[in-house]
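The following exercises are to be worked through with the sequence and the structure at hand. Each task is followed by a solution in steps.

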Amino acid sequence: MTTSSSILEFVACLLILSAYATWAYADSIPDDFRQCIDGKISPQAPLPPSCYTPNNSAFSVVLQSRGLNLRYLMPSVRKPEVILMPTHESHVQAAVMCAKKLGIQLRVRSGGHDYDGVSYASEMEEPFVILDMAKLRMVAVDIEEKSAWVEAGATIVFTVGKTLEQGLTKIVDKWQHIADKINENLFIRVIFQNSKTQKGDKTVLGLFNALFLGGADELLKVMQHDFPELGLGKSEVSEISWIESVLYIAGYPSGTKPEVLLQGKPLFVNYFKAKSDFLREPIPQSGLAGLWKSYMEDENALMIWNPYGGVMSNIPESQIPFPHRNGTICMIQYVVTWQDGNTSETRHIEWIRKLHSYMASYVSKSPREAYVNYRDLDLGMNKDGNTGFIKASAWGNMYYKNNFDRLVKIKTKFDPCNFFRHEQSIPPLPVTDINVDIHGDMLEG
Ligand SMILES: Cc1cc2nc3c(=O)[nH]c(=O)nc-3n(C[C@H](O)[C@H](O)[C@H](O)COP(=O)(O)OP(=O)(O)OC[C@H]3O[C@@H](n4cnc5c(N)ncnc54)[C@H](O)[C@@H]3O)c2cc1C
């Protein structure tokens with residue numbers, strides 16, 4: 001890229017950014033956006049897109065239909081000007097072109113599972129529209145290429161609960177040493193909940209929730225050899241089909257039919273805040289004792305430790321953007337939920353921040369890693385649609401480690417004006433003559 005084309009690109013970006021500012025004061029956005037879309041609809045599309053504005057009675061229902069964190073649906077949160085549901089890929093192209101032409105921010109929503117709501121809410125200072133992909137649901141399975149298949153072999157599942165009084169600390173200590181190294185067909189995660197002893201005192205309950213691809217006798221041999229501390233007995237395991245194990249791990253009540261998965265209805269819709277960590281060294285028992293103490297301070301706490309190892313470790317860190325690979329014992333997810341809107345929000349959020357800060361000395365460092373799927377806006381935010389590389393590195397390095405720099409180069413090449421953006425999107429470099437290929441590698445010349 002030459003210097004003059006870089007300057008032209010920079011000026012074009014400035015013009016687009018100034019258009020955003022103008023539109024912040026316009027109130028005709030829904031009509032103008034709709035008109036623009038109508039003018040671009042392809043005759044090949046069998047059905048028109050559905051378009052909802054705040055004047056439609058269905059607007060709120062559609063907005064809330066796939067917004068899983070109720071914090072981002074509260075009345076005080078900025079709402080979109082339009083929700084557009086394409087029924088054909090040409091509608092997606094039209095939405096991108098119209099949002100760009102009118103200088104409106106576009107948010108793309110699929111399942112609406114984003115933890116900090118960036119697919120259906122915006123904390124940035126601009127009007128926005130939602131491009132809601134709910135009606136683009138076709139799944140193509142290539143039988144000849146075998147690009148999607150599931151084997152139906154036996155699956156064993158079990159859940160064993162242990163409280164502090166039943167030796168939870170020592171069992172978790174042992175789990176940390178074997179979770180990522182045990183038989184590759186065995187996955188044992190730990191779900192922590194607050195509980196009460198028989199006397200009514202507070203305690204922590206650890207649920208060892210597992211899935212094994214194989215038979216019961218083989219599982220018991222593995223457990224006896226590598227994890228006898230859990231004391232798993234034959235009566236505690238169940239042999240079920242793979243699809244039933246999906247329902248089990250997702251937390252559906254026993255006996256639920258697999259067809260429930262076709263409804264696409266979320267099980268978990270709450271006011272919540274979550275954070276994540278990656279563990280590379282076992283936490284000593286003294287550290288665990290402090291963790292339990294902090295944990296019991298919030299009655300609605302939930303914590304899930306997902307073991308790594310296996311195939312997760314075999315893939316090199318630089319192969320895809322997800323970098324948390326070899327040497328990771330487990331990922332820790334901290335969650336707190338509440339039901340009373342913003343009444344108790346501050347207390348719960350302060351609690352989860354304090355817990356996260358307590359864990360700093362035990363988890364991964366330089367960078368302290370975090371899981372992008374458990375989005376956490378506490379780690380930093382783009383402001384006003386425009387954040388520099390240095391600031392964005394704060395969360396970028398935590399989510400992507402060394403892959404962040406490559407993602408920035410790719411972003412700079414394909415979206416130099418930062419059209420596709422949200423609170424934690426990858427920033428482009430401001431003016432650049434860096435030439436990169438699609439893998440983010442530097443090209444000669
Ligand atoms: C109850 C619950 C359970 C979860 N469990 C797990 C879990 O077990 N493991 C795990 O890894 N994660 C889990 N997550 C996190 C979830 O996988 C991530 O938040 C994921 O990004 C959600 O994708 P989505 O399409 O549903 O979300 P959305 O909120 O629709 O989108 C998430 C992000 O992707 C963008 N996006 C969506 N569609 C497109 C598109 N077509 N093109 C370009 N960008 C797009 C959005 O703009 C947004 O930035 C869970 C979330 C919830 C709420």
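**Exercise 1: A helix and a sheet**

Helix α2, residues 29-40, lies across β1, β2 and β4, and runs at about 20° to β2. The model used throughout is a predicted one.

Task: State the order of the strands in the open sheet, and identify which strands are its edge strands.

Solution. 
Step 1. The open sheet has four strands, and their order is β1-β2-β4-β3.
Step 2. The pairing within this sheet is mixed.
Step 3. The edge strands are β1 and β3, the latter formed by residues 105-109, and each of them pairs on one side only.
Step 4. Neighbouring strands of the sheet are turned against each other by 20° on average, with direction ignored.

**Exercise 2: The sense of pairing**

Task: Determine in which sense, parallel or antiparallel, β1 pairs with β2, and in which sense β2 pairs with β4. Name residues that stand opposite each other.

Solution. 
Step 1. Strand β1 covers residues 50-52 and strand β2 covers residues 82-85; the two pair in the antiparallel sense over three bridges.
Step 2. Across this pair, S50 stands opposite M85 in β2, and C51 stands opposite L84 in β2.
Step 3. Strand β4, residues 128-132, pairs with β2 in the parallel sense, again over three bridges.
Step 4. Here V82 stands opposite V129 in β4.

**Exercise 3: The surroundings of the ligand**

Task: Find which residues come nearest to the ligand, and sort the shell around the ligand by class.

Solution. 
Step 1. There are 16 residues around the ligand.
Step 2. Of these, S110, G111, H113, D114 and S119 come nearest.
Step 3. Sorted by class, the shell consists of six nonpolar, seven polar and three charged residues.

**Exercise 4: A lysine in a helix**

Task: Decide whether K411 is buried or exposed, and list its contacts beyond its neighbours in sequence.

Solution. 
Step 1. K411 belongs to helix α12, which spans residues 403-414.
Step 2. Around K411, 20 other C-beta atoms lie within 10 Å. A residue counts as buried at 20 or more such atoms; K411 is therefore buried.
Step 3. With neighbours within four places in sequence left aside, K411 is in contact with I426, P427 and P428.
Step 4. K411 and I426 are 15 residues apart in sequence, while their C-alpha atoms are 6.8 Å apart in space.

Technical notes:
Residues are numbered from 1 along each chain as its sequence is written. This is a predicted model: local features need pLDDT of at least 70, side-chain atom pairs count only at pLDDT 80 or more; totals for chains, interfaces and linings use all residues. Two strands pair if DSSP finds at least two bridges between them. A residue is near a molecule or strand if its C-beta atom, placed from the backbone, lies within 6 Å of it. Ala, Val, Leu, Ile, Met, Phe, Trp, Tyr, Cys and Pro count as nonpolar, Asp, Glu, Lys and Arg as charged, and the others, Gly among them, as polar. Axes are lines fitted to C-alpha atoms, for helices over the stretch in contact, and angles run from 0 to 180 degrees between N-to-C directions. Two residues are in contact if their C-beta atoms, placed from the backbone, lie within 7 Å. A residue is buried if 20 or more other C-beta atoms lie within 10 Å of its own, exposed if 12 or fewer, and partly exposed in between; C-beta atoms are placed from the backbone.
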